[in-house]
Amino acid sequence: MLVMIELELRRLRHDRTEIYFRAVQPILWIVIYGPVMSGVKAIPTGGVPYTDFITPGVMIQTTTFVSIFYGLMMVWERDSGILKKLLVTPASRYSTVIGRSMASGVRAIFQALIILPIALIIGVRFIPNPVYFTLAFVIIFFASGGFAAISILVASFMKTRERFMGIGQAIIMPLFFASNALYPLQLMPPLLREFSTVNPLSYVVDAVRGLLITGDLSNLLVDLIAVAVFDAVLFVVASISFRRIIE
Amino acid sequence: MDVAVQVKGLVKIYDGKVKALDGVDLTVEVGEAFALLGPNGAGKTTLIRILTTQLKPTAGEAYVFGLNVSHDGGKIRRLVSYVPQEMSVWTDISGYENLLIYAKIFDVSTLKRGKIIDEVLENMGLTQVKHDLVRTYSGGMIRRLEIACAMLIKPKIMFLDEPTIGLDPAARKVVWERLTVFKKEYGVTIFFNTHYMDEADLYSDNIAIIDQGKIVTMGTAEELKHSLGGEIISFMLEGSNFKSELPNKIRKLGFVKDIFINNSNLNVLVDNAEVALPHIIDVLKNEGSSASKVSITKPTLDDVFLKYAGTRLEEKGRISDVTHMRYMIRKG
């Protein structure tokens, strides 16, 4: 399992361009969208500036992007012979799937970290507590692992890049907009609010926002349990469907 | 001899309609190089994928070192290494790192790891470029790296799916030289698919010819060629007047199967031309004749294929396809 994380780190050491380019979109959100919308003052954020409010949401949106498109790499590896070869090693499919998912978590952490300095420059105030920071990134790491498992699951059904690209977008955007990333859940119509209670993204955003910005940790335990359950379920399901990918 | 691979009545049907394998039986002995020769779509890759536990057979049984591919997948995967037809290394890290990752996946102990990796890099002639990104390698180097990955774990059997497809002749030769040395040193069994006839001819101990999901014939390259009837030695004799008893004298040599004469050419049909030739020349000398020109016509595996499968192996189109695909994959 750890080998797959090592693989990812070695890849990142050789080539980080993807991370830089992927950072463009979230930076636009917090540098342009945030300040513009905060001028409107239409969204109740519980007393924190709007840009500060959306920063964790945007960070998590971008890490979710990274994770969901991790499956694209699996599709690529399927087209080449890498997956076939991996399946002929003694490594169990559970360790392969979990290893790959957590490897995506590593990539996600770097992706989230790169946004921090920009956020600081434009004046987002984080809670200066190293324990909170560490815990926030641990949550991002595990949540990204779960989203990567979703993408491996999707990859094992959608075996071509084109189909995968379409499905990837169709998964991420609803998750993002039907979550508390950009606005509090109370603003949503009731049906959407129902949906957001099963949207893992909301729990992750809530936990990370509490730890980095508001200091409101009242839901932290529920959030942690939600992420753990989410990971456990997805790891098992993705592992079961994984063999299908090469058939 | 111990048996490395045993296949009995193997059938594989994809999606309930495409019959890729139609009752395959074959045996591979430990320590031999076994070539599965056949045209595209004959079922070669399907057979290798079943033997490496990637696919389940629809019917029939297959054993690798006595382990059933349907039930003992985990145990088999510890004994075998596999090089798929497509490219199977990560191109965005170095050759050394690829090997390191595989060594860790296979739990090669930390103490031995460095030594073994250096050894296989050396074996495959990649030491100079080990820290370069695989993206910068040539096709032949990538193939050697893939085989290095397969050698890393000192498997009991290697399954190679078209190991030299798309490589130029020099690169193919290098790959096979390294494989031959490895086989000799470690006694590893090599099971490979190919549609290059010369490759099956030169580098295998046994060949099975597969066509439309069925093994049509099996044997050593020599046996297969001899099954066509033998080799022809033609002598162009000096002067057209040789003694009339000459053909009979030659016929008396035990190994001569037939003789026919046209003009001043004397044609002798034998099993093994190289062995027969000196004896026949002796007879010619004793009878006071000499040949101004000698030529040997040997049946090729292509002739064998023609006889048993009814068609010639068409290789051109397909090779350029695969080369193109590998190229595209490398480009990402």
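## A helix across a sheet in chain B

In this predicted model, helix 1 (residues 44-51) of chain B lies across strand 1, strand 2 and strand 4 of chain B. Helix 1 of chain B runs at about 120° to strand 1 of chain B. Here helices (H or I, at least four residues) and strands (E, at least two) are DSSP runs, numbered from the N terminus. Axes are lines fitted to C-alpha atoms, for helices over the stretch in contact (heavy atoms within 4.5 Å), and angles run from 0 to 180 degrees between N-to-C directions.

The sheet itself is open, with 4 strands of chain B in the order 2-1-4-5 and antiparallel pairing. Two strands count as paired if DSSP finds at least two bridges between them. Strand 2 (18-29) and strand 5 (67-68) of chain B sit at the edges, each pairing on one side only. Further in, strand 1 (residues 3-14) and strand 4 (residues 59-64) of chain B are joined by 5 bridges, and B:Lys8 stands opposite B:Glu61.

Strand 12 (residues 256-262) and strand 13 (residues 265-270) of chain B pair antiparallel over 6 bridges. B:Phe260 has B:Asn267 as its bridge partner. The two strands make a hairpin with 2 residues between them, and B:Asn263 in the turn has a positive phi of about 50°.

## Two helices crossing in chain A

Over in chain A, the axes of helix 1 (residues 2-14) and helix 7 (residues 93-113) come within 7 Å and cross at roughly 35°. The crossing is right-handed, meaning the near helix is turned clockwise from the far one by less than a right angle.

Helix 1 of chain A brings residues including A:Met4, A:Ile5 and A:Leu12 to the contact, while helix 7 of chain A brings A:Ala103, A:Val106 and A:Phe110, among others. By class, the contact residues are 9 nonpolar, 1 polar and 4 charged. Ala, Val, Leu, Ile, Met, Phe, Trp, Tyr, Cys and Pro count as nonpolar, Asp, Glu, Lys and Arg as charged, and the others, Gly among them, as polar.

## One cavity

A search of the whole structure turns up 1 cavity of 30 Å³ or more. A cavity is a set of points on a 1 Å grid over the protein atoms alone where a 1.4 Å probe fits but cannot get out; lining residues have an atom within 4 Å of a point.

The lining includes A:Lys85, A:Val88, B:Tyr82 and B:Phe106. Strand 6 (80-83) and helix 5 (139-151) of chain B each give two or more residues to the lining.

## Reading the numbers

Residues are numbered from 1 along each chain as its sequence is written, and chains are lettered from A and ligands numbered from 1 in the order in which they are written. Local features need pLDDT of at least 70, and side-chain atom pairs count only at pLDDT 80 or more, while totals for chains, interfaces and linings use all residues; side-chain values use heavy atoms, with hydrogens and water left out.

Technical notes
On a 1 Å grid over the protein atoms alone, a cavity is a set of points where a 1.4 Å probe fits but cannot get out, and a pocket is an open set with protein on both sides within 12 Å along at least five of seven lines; lining residues have an atom within 4 Å of a point. Grid points are joined across faces, edges and corners, and a volume is the space filled by probe spheres set on the points.
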